[in-house]
Amino acid sequence: MRKFVYPLQYDYMVRQYSYEDGVDPALVAAVILVESKFNESASSHRGAVGLMQIMPDTASWIAQQMQMTEYTPDKLNNVRINIRLGTWYLAYLLKEYDGNKVLALAAYNAGRGYVDSWIEKYDWKKDFSEIEKIPFTETREYVKIVLLNEQQYKSLYSF
């Protein structure tokens, strides 16, 4: 029953790219679950695409950073490419915020610009963990549910 609630489709790709980028695959699976519920054709009203709900401009930037010369925006719908880009970006955000999952996930959801402005405005430190202080309700709830889902994935699957 619990694996029905916490599916792990595309297991091989999630694991492969997570290990390549040094990200916990349980975290990647949790992001995918919250972002798209593993629906590869998901799209948001804001224009985010695919399993990991990546904005096309962000995807182009990621592909450029990864030196992925064969990338074109229409490939964002490809499951493998979407997971590849999203996992790299999650790893990038974790590095950017010194391993702080709360800040990295907030940036994944709201954008780095907002998180950087909150860090400056509220004098948040590198060890910031007070999710309730995140100003955007949507982002606050997003961080909570992704972290909860990550724990569920860790308890259900061998990572």
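Mentor: Contact here means heavy atoms within 4.5 Å, and helices are DSSP runs (H or I, at least four residues) numbered from the N terminus. This is a predicted model, where local features need pLDDT of at least 70, side-chain atom pairs count only at pLDDT 80 or more, and totals for chains, interfaces and linings use all residues. Residues are numbered from 1 along each chain as its sequence is written, and side-chain values use heavy atoms, with hydrogens and water left out.

Trainee: Which class has 11 residues in the contact of H3 with H8?

Mentor: On the H3 side you'll find Ala-26, Leu-27 and Val-31 among others, meeting residues of H8 including Tyr-142, Ile-145 and Tyr-153. Ala, Val, Leu, Ile, Met, Phe, Trp, Tyr, Cys and Pro count as nonpolar, Asp, Glu, Lys and Arg as charged, and the others, Gly among them, as polar. The contact has 1 polar and 3 charged residues, and the 11 are nonpolar.

Trainee: How are H3 and H8 oriented to each other?

Mentor: Their axes (lines fitted to C-alpha atoms over the stretch in contact, angles from 0 to 180 degrees between N-to-C directions) come within 8 Å and cross at roughly 130°. Under 35 degrees is roughly parallel, over 145 roughly antiparallel, 65 to 115 roughly perpendicular and the rest oblique. So H3 and H8 are oblique.

Trainee: Is Glu-70 buried, partly exposed or exposed?

Mentor: Glu-70 lies in the loop between H4 and H5. Buried means under 20% relative accessible area and exposed over 50%, with partly exposed in between (1.4 Å probe, protein chains only). Because its relative accessibility is 48%, Glu-70 is partly exposed.

Definitions and conventions:
Helices (H or I, at least four residues) and strands (E, at least two) are DSSP runs, numbered from the N terminus.
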